[in-house]
Amino acid sequence: MTATSVLEERDRAIRRFRIVALAAPIVVSAIFAIAQLAILPGVPEVVAIHWGADGRPDGFGPAWTFPALSMALGAGLPLLIAAPAALGARPDGSRGPLRVSAAMVWFLVVFLGTLSTGALAAQAGLAGAGDSPEILPLLGISVLLAVVASLAAWLIVRDAPAAGKTPEPPAAVPVAPGERAVWLQTATVSRAGLVVLGLALVFALGSAVVAAVTETGRIGAPGAGSLISVGVTLLVMLAVATTIVFRVRVDDEGLHVRSAMAWPGVRIARGEIARAEVVHVEPFAEYGGWGWRVALGSGTGVVTRRGEALRITRRDGRVFTITVDDAATAAGLLRGFDERKDE
């Protein structure tokens, strides 16, 4: 396959992904929400909105909760999962697991849409929310339809082929015997990454609020669900805080990377480094997002933006990548240290 045909194939794959994994799920979610709005006049004002492990309703709230959550999740999930890959993937970027993202979006959209619409429709004509039928059969149907939808998305979407370019090793930075040299840089999450991380935080906060409101209406005060939601929100806040800024250092000892919050971090001794190179990274397509990531085929990565990155291959085959400006100088300095050692 020629370079031109590879780029054309990547363009087609990305266009198809944007339609299948971003536009179409939002439309389907809107249809679910419209159907729920049409059902509202026929259901009690207060309906069952939560079911226990036995399938019986154990939580109640206003009927409008269903279409409100359907519209929020229906638009939020595709934007959160697929938009970064759809907007960030470029023909010259790395091959990304687009099919995985598409399948994930469709599973969640169909599962949540079918479950919420069916649960609301089952309460039409009931005298009260307590008469709501068991939800376990509907749960099984929702999972089955979601699996079928995700499989269809997997078959329709195609992963963009790799450009097939081997990174050129950077020129060594000369380091004289006995000379000390240090390279310092700061890696900061891009604006797109901040938006996605912010959406995740807003989603967590929204879930905590909904849980608190629901439990207050049911038992008169926030309960265990609210505490769990608050705990999840705090974890999301911690994850965001520790992945926004990283300090990067290359010196005679090797590579040092550490979050501005002091954790997480990594140190790779110079003797462990087999190869240092400069690569192009697409955050969501290659690593599934921003921050401290692990991906099949790409190893561990500290991903703060798309574009230039320093990639270290250890002698045992493990790979570590960090997106950072002036990566060529860092790789060249590591090579310079090795050449000085051989003199």
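1. Basis of the note. This is a predicted model, in which local features need pLDDT of at least 70 and side-chain atom pairs count only at pLDDT 80 or more, while totals for chains, interfaces and linings use all residues. Residues are numbered from 1 along each chain as its sequence is written, and side-chain values use heavy atoms, with hydrogens and water left out.

2. Strand 1 (residues 46-51) and strand 2 (residues 57-62) are antiparallel partners joined over 5 bridges; two strands are taken to pair if DSSP finds at least two bridges between them, and helices (H or I, at least four residues) and strands (E, at least two) are DSSP runs numbered from the N terminus. The two strands form a hairpin with 5 residues between them, and in its turn Gly 55 has a positive phi of about 90 degrees.

3. Helix 2. This helix (residues 65-81) has 17 residues and spans 23 Å from its first C-alpha to its last, close to the 24 Å expected at 1.5 Å a residue, where the expected span is 1.5 Å times one less than the number of residues. Its buried residues are Thr 65, Phe 66, Pro 67, Ser 70, Gly 74, Leu 77, Pro 78 and Ile 81; here buried means under 20% relative accessible area, exposed over 50%, and partly exposed in between (1.4 Å probe, protein chains only).

4. Strand 5 (residues 254-259) is joined to strand 6 by 5 bridges in the antiparallel sense, and Val 257 has Val 266 in strand 6 as its bridge partner.

5. Strand 8 pairs with strand 9 (residues 299-303) in the antiparallel sense over 5 bridges, and Trp 292 stands opposite Val 302 in strand 9.

6. Salt bridges. The structure holds 8 salt bridges, each being a side-chain nitrogen of Lys or Arg within 4 Å of a carboxyl oxygen of Asp or Glu. One of them joins Arg 249 and Asp 251 at 2.7 Å, N to O; Arg 249 is partly exposed at 32% relative accessible area, whereas Asp 251 is buried at 8%. Another joins Glu 253 and Arg 267 at 3.9 Å, N to O, and this pair links distant parts of the chain, with Glu 253 in the loop between strand 4 (245-251) and strand 5 and Arg 267 in strand 6, 14 residues apart. In Arg 314 and Glu 272 the closest N and O atoms are 3.5 Å apart; Arg 314 lies in strand 10 (residues 307-314) and Glu 272 in the loop between strand 6 and strand 7, so the pair ties together parts that are 42 residues apart in sequence. Arg 314 counts as buried at 11% relative accessibility, and Glu 272 as partly exposed at 33%. Asp 252, Arg 270 and Asp 338 are linked in a network of salt bridges.

7. Aromatic pairs. The count comes to 3 aromatic pairs, where rings of Phe, Tyr and Trp (its six-membered ring) pair if their centres lie within 6.5 Å, and planes under 30 degrees apart count as stacked, over 60 as edge-to-face and the rest as tilted. Phe 107 and Phe 111 form a stacked pair, 6.0 Å centre to centre with 10 degrees between the planes; being 4 residues apart in helix 4 (residues 98-121), they are separated by about one helical turn. Phe 107 is partly exposed at 28% relative accessible area, while Phe 111 counts as buried at 17%. The rings of Trp 292 and Phe 320 have centres 6.1 Å apart and planes at 50 degrees, so this pair is tilted. Ring pairs link Phe 246, Trp 292 and Phe 320 into a cluster.
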